[in-house]
Amino acid sequence: MNEMTKLTIKDFETDQEVRWCPGCGDYAILKAVQRTMPELGVRPENTVFISGIGCSSRFPYYMETYGFHTIHGRAPAIATGVKLANPELDVWIITGDGDALSIGGNHTMHLLRRNLDCQILLFNNEIYGLTKGQYSPTSRVGTRSPSTPFGSVDRPASPCSFAIGSGARFVARGIDTHKNLPQVLKAAHAHKGASFVEIFQNCIVYNDDVFAGFTDKANAPANQIWLTQGEPMLFAGGGKGLTLDREALRLRVVDVVDGDWQAAGVIVHDQTNKGLAQMLVEMTIEHGFPVALGVIYDHPRPTFERAVVAQNAEAAKGKVADLQKLVSKGQTWQVEKEPHVV
Amino acid sequence: MQLTGGQFTLSTALAGNDLATFPDFPAEIRAPQGTLFGVSAFQINFGSTEVETAGDAPDVLIAMNPAALKTNVGQLKEGGLIIADEGEFGARNLAKANYEVNPLEDDSLARWQVMKLNISQLTLEAVKPFGLGNKEALRCKNMWTLGLALWMFGRDRKPIVDWLNSKFAKAPTLAEANIAALNAGHAYGETAELSGPMQQHFIAPAPVAPGLYRTVTGAESISLGLVAGAQLAGLPMFFGGYPITPASAILHHLSRLKEYDVTTFQAEDEIAAIASAIGASYAGSLGVTSSSGPGIALKTEAIGLAIMTELPLVIVNSQRGGPSTGLPTKTEQSDLYQAVYGRNGDAPMPVIAARSPADAFDCAIEAVRLSTQFMTPVMLLTDGYIANAAEPWKVPDMSGYAPFPVAFQEEAPDGKLLPYSRDEKLKRPWIKPGTPGMMHRIGGIEKQIDTGHINYEAGNHQAMTDIRQNKVLGIADHIPDQDVTLGEAGGRLAIVGWGSTFGPIHQAVRRMRARGHDVHHIHIRHIWPLPKNLGDLLKGYEKILVPEMNTGQLKTVLRDQYLVDARPLNKVSGQPFRIAEIEAAIESALG
């Protein structure tokens, strides 16, 4: 254990030159992850970063751990094999909005419903960066891009809504450059099971400032709500909060006067409440809500790889692996005499 | 019908006959009974001498309804015996089979001997004491007919009785009813005064090497071979699969073998099946995946990843009729190009083909050996025929198989961690995550020689492409030379085959040689790389004929590799070759 405390951010940096565009949000996320790792008490050799394809998927090359830069959309499937083969490994999946929700949407869904113990960091920049700026499955309607010169017409997917719908038991959000990102990562790591983290990541080249409406310093207080288990849902410096409109069964923003949130009917965050989580992730600034950030849903249940290991052990109990016996199984017969010449 | 066929197969094997079977069933689950497309047939060929095919023309056809008669009678040998359940030849069933007149009552079957029995009625009477409903009672008629067949060939009923008792352990009435039907059919043969064709035949046991035997299907033997291979390599096995006909049986078999350190995973799709297997190999297990043509197509990109990252992986392709969905339940050999060439980029991969259900066991072990000894994906080709067909199998002595244990790299030689360094076979080291001090990154982007870092330089890509190519081609130094299966090295005509055409080619060549023809049989297991001596061997024959259940894929590879005038003999009807078809081709080639 002593050895673990010795690790620093340097122990998680590789000698490879980081190659993202200057000013890309990925740099900040990389630093946040590298800074968080020593605090998790994990060993680099037991840690595996697995990515698909896209700007974000270069991430493993910069982590001094084991790493597998796989193919487009398939990181969750590769990770499933890694974890089933060795459940002791600490698996992180690095993916993007196109990788996880378009070409790899199926694998993301199944990994979440199975509840494989791993962390999924989805860098959402609402654009295809590596292929030079086409719109993505999270791009807003009207996004002009090389493939949608007149604006996109299809509605975007909401990553956290998708995750909850797929059966995820941990859903959180962070922002690339926000100081709270390490604590979101720590919570994701502490959760046993599939931890889904959407990180709003600014693409400085193809989609700059797409999240500025809530990430800019000026907009942050009014348009960000950081959730804490057991704490009232307050934002705007405590001047506003969220209440539940019990008639309409939806959330509503209320003013809080003199810090008396109870009088304003502000509700307390319960991270085990799935219905509440669903409402929180669907809040948008366009509809007058702040964007929900932090740990939105955290309600563990048994993990897939443990169930597989347990069933394998149970099925093998009391049985001995004997190849000779195995090939001799079934209905057999003995041919005694020497073959006669025909 | 397939179950009934399986039980007759077993009783034939227990009687010591050699045998080969050909289950032929529709793609539909419970296809409507009585329709022409819904006929489920099971063909068996058995005898006192070596049997290698399910037979060209059966001697006996048991037709349980008019549709079964119509779809199969054309194959029956002239003068052969038809046993028909006349209870099923009513107006409705005749109409479903497009018969205007009852064929049992006109002279359309005059070329054969016809035995009409009201099997339905006889069965109903036999099972009357058990109080079953009409539908359930009629389901026993397969057993009644099996009883009759057992009598015809002097077979023991006991193994079938045991099987029925265990199959219906939870419904003893059904077990008893089926046994009663079986006994009634047998007794019918014994006591009814049947005249003419219906008589008992005793087939003496076939001369085979002494030892313990069992019947085995290709799906079983491949599963067993994979388990044996993993154990010989000293590795846990991870099998990622997705249901697809006719490959699913391998997933089913392996999922029951947990005590052999086997983890099976039914993935969400074909891509996830192979991707999870690659992940497992990366983590230090033997990754295995299995599918059929359309599924292999989906896995193609991931195969490229396994080639690029040089991880062990066994991919079993149970070929079926294509393209697209094609003929899911029919057999074909048309994925050879897909196996050898079917990837983006220069992506070499070893390919092995099994010739029979029994041979598939050794082929699976060989696939594991090459995969782990050379750090490469390997494709094992089998087909729908091999997967489903049963044959007697002399149980192998496992102590005769040399282990090929895997050594993971746990320390960097000379303190330098080089995940893409090479040994004398050009194999890179296998380093498992979890190994301290050996952290490194791999991926699908081109690798720098030795370090494995991302590298886009022209010279490096040329060198890495050459290394991947030479590593796979170098496998030819570690596989057996090509032998002549039957005949001599050199002569007038070589029949060159691969995969499940083995039986009909072998029998045809044997017969033609017995008639004095200068013809020889070569059967290739290692499709890629090809055995080193194959080119010289082929050049020793005046003519080369390549029978394949495709439009000439191995033929093209042989021409390309050796500039020999290999000629095709092709069949893509979803049915295996008949011996007579190959005999005719030999005759015509020899002029």
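Colleague: Which residues does A:Gly239 touch, not counting residues up to four places away in sequence?

Modeller: The model is predicted, and two residues count as touching when their C-beta atoms lie within 7 Å. A:Gly239 sits in the loop between β8 (234–235) and β9 (240–245) of chain A. With residues up to four places away in sequence left out, A:Gly239 touches A:Asp255 and A:Val256.

Colleague: Is A:Gly239 buried, partly exposed or exposed?

Modeller: A residue is buried with 20 or more other C-beta atoms within 10 Å of its own and exposed with 12 or fewer. A:Gly239 has 14 such atoms, so this residue is partly exposed.

Colleague: What distance separates the C-alpha atoms of A:Gly239 and A:Trp261?

Modeller: Along the chain, A:Gly239 and A:Trp261 are 22 residues apart.

Colleague: Turning to chain B, why can chain B be called as compact as a globular protein of its length?

Modeller: Chain B has 20 helices and 19 strands. For its 591 residues the globule rule gives 25 Å, and a radius of gyration close to that value means that chain B is as compact as a globular protein of that length. The radius of gyration of chain B is 26 Å.

Colleague: What percentage of the contacts in chain B between residues at least 6 apart in sequence join residues at least 24 apart?

Modeller: Of the 591 residues in chain B, 51% are buried. Among contacts between residues at least 6 apart in sequence, the share joining residues at least 24 apart is 74%.

Colleague: How many nonpolar residues are in the contact of α4(B) with α8(B)?

Modeller: From α4(B), the residues B:Leu122, B:Thr123, B:Ala126 and B:Val127 meet B:Ala177, B:Ala180, B:Ala181, B:Ala184 and B:Tyr188 in α8(B). By class, this contact has no charged residues, one polar residue and a nonpolar count of eight.

Colleague: Which residues of helix α19 (residues 553–562) of chain B are buried?

Modeller: The cover over the buried part of α19(B) includes α13 (336–341), β15 (491–498), α18 (534–539), β18 (541–548) and β19 (566–570) of chain B. The buried residues of α19(B) are B:Gln553, B:Leu554, B:Lys555, B:Val557 and B:Leu558.

Colleague: Is B:Leu563 buried or exposed?

Modeller: B:Leu563 follows α19(B) and has a positive phi, near 50°. This residue lies in the loop between α19 and β19 of chain B. B:Leu563 has 10 other C-beta atoms within 10 Å, and 12 or fewer is the cut-off, so B:Leu563 is exposed.

Colleague: Which element gives the largest share of the side of chain B that touches chain A?

Modeller: The contact takes 59 residues from chain B and 54 from chain A. Elements of chain B that each supply at least two residues include α1 (2–14), α9 (218–233), α11 (270–282) and α12 (293–309). The residues on the chain B side divide into 36 nonpolar, 16 polar and seven charged. The largest share of that side, nine residues, comes from α11(B).

Key:
Residues are numbered from 1 along each chain as its sequence is written. Chains are lettered from A and ligands numbered from 1 in the order in which they are written. This is a predicted model: local features need pLDDT of at least 70, side-chain atom pairs count only at pLDDT 80 or more; totals for chains, interfaces and linings use all residues. Helices (H or I, at least four residues) and strands (E, at least two) are DSSP runs, numbered from the N terminus. The radius of gyration is taken over C-alpha atoms; the globule rule is 2.2 Å times the number of residues to the power 0.38. Ala, Val, Leu, Ile, Met, Phe, Trp, Tyr, Cys and Pro count as nonpolar, Asp, Glu, Lys and Arg as charged, and the others, Gly among them, as polar.
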